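Reader: Please take a close look at one part of this model. I would like a connected account, with cut-offs stated.

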Amino acid sequence: MDQTSDIIMLRCKKWFLTNGLLLNEMKTESLTFTLNSEIQTNSVKVLGITFDPTLTWEKHINIISCKLSKTVFLLKSLKQALSYKHVKTAYFSYFQSAVMYGLILWGNSSHVKKNFASKRWLLEP
């Protein structure tokens, strides 16, 4: 498996050089996607979305869930100090944007229901 990865990396380097680009090997990470959940490899964060090798999205959803819990606390605090219009603006800026970003990738995961169903109380007025 490592030999295949090395060959692919060499091809990528060659392509980058041919096209006048530079590949920063210190920032480059590889991730092997597999259906075998017993293989333990690290997840990789790309543009704010955390990919895990089996694409269960569990780690990404946990990160989003934690972020949303903090946002709900912020919104409840703002609700007492600001007008509805300003709280609504904060909701769309913080809460909805966090949920919508990458939703097409991770939104159908079974971990969504597990994580967000238990946090439904956070959204109550």
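**A surface patch and the core**

V46, L47 and Y101 make a nonpolar surface patch of about 330 Å². Patch members have over 30% relative accessible area and no salt bridge; nonpolar side chains (Val, Leu, Ile, Met, Phe, Trp, Tyr) are joined within 5 Å, like charges within 9 Å. A salt bridge is a Lys or Arg side-chain nitrogen within 4 Å of an Asp or Glu carboxyl oxygen. Areas come from the Shrake-Rupley method with a 1.4 Å probe, and for residues only the protein chains shown count as cover.

This is a predicted model: local features need pLDDT of at least 70, side-chain atom pairs count only at pLDDT 80 or more, and totals for chains, interfaces and linings use all residues. Residues are numbered from 1 along each chain as its sequence is written, and side-chain values use heavy atoms, without hydrogens and water.

V46 sits in strand β1. Strands are DSSP E runs of at least two residues, helices H or I runs of at least four, numbered from the N terminus. V46 is partly exposed, at 40%. Buried means under 20% relative accessible area, exposed over 50%, partly exposed in between.

L47 lies in the loop between β1 (44–46) and β2. L47 is exposed, at 72%. Its phi is positive, near 50°. Most residues other than glycine have a negative phi.

W57 also has a positive phi, near 70°. W57 is in the loop between β2 and α2, but is buried, at 8%. W57 is among the residues that touch the most other members of the largest nonpolar core, which has 14 residues. Such a core joins buried Ala, Val, Leu, Ile, Met, Phe, Trp, Tyr and Cys through side-chain atoms within 4.5 Å. α2 gives the most to this core, with 5 residues.

Key: Buried < 20%, exposed > 50% of the residue type's maximum accessible area, 1.4 Å probe, protein only.
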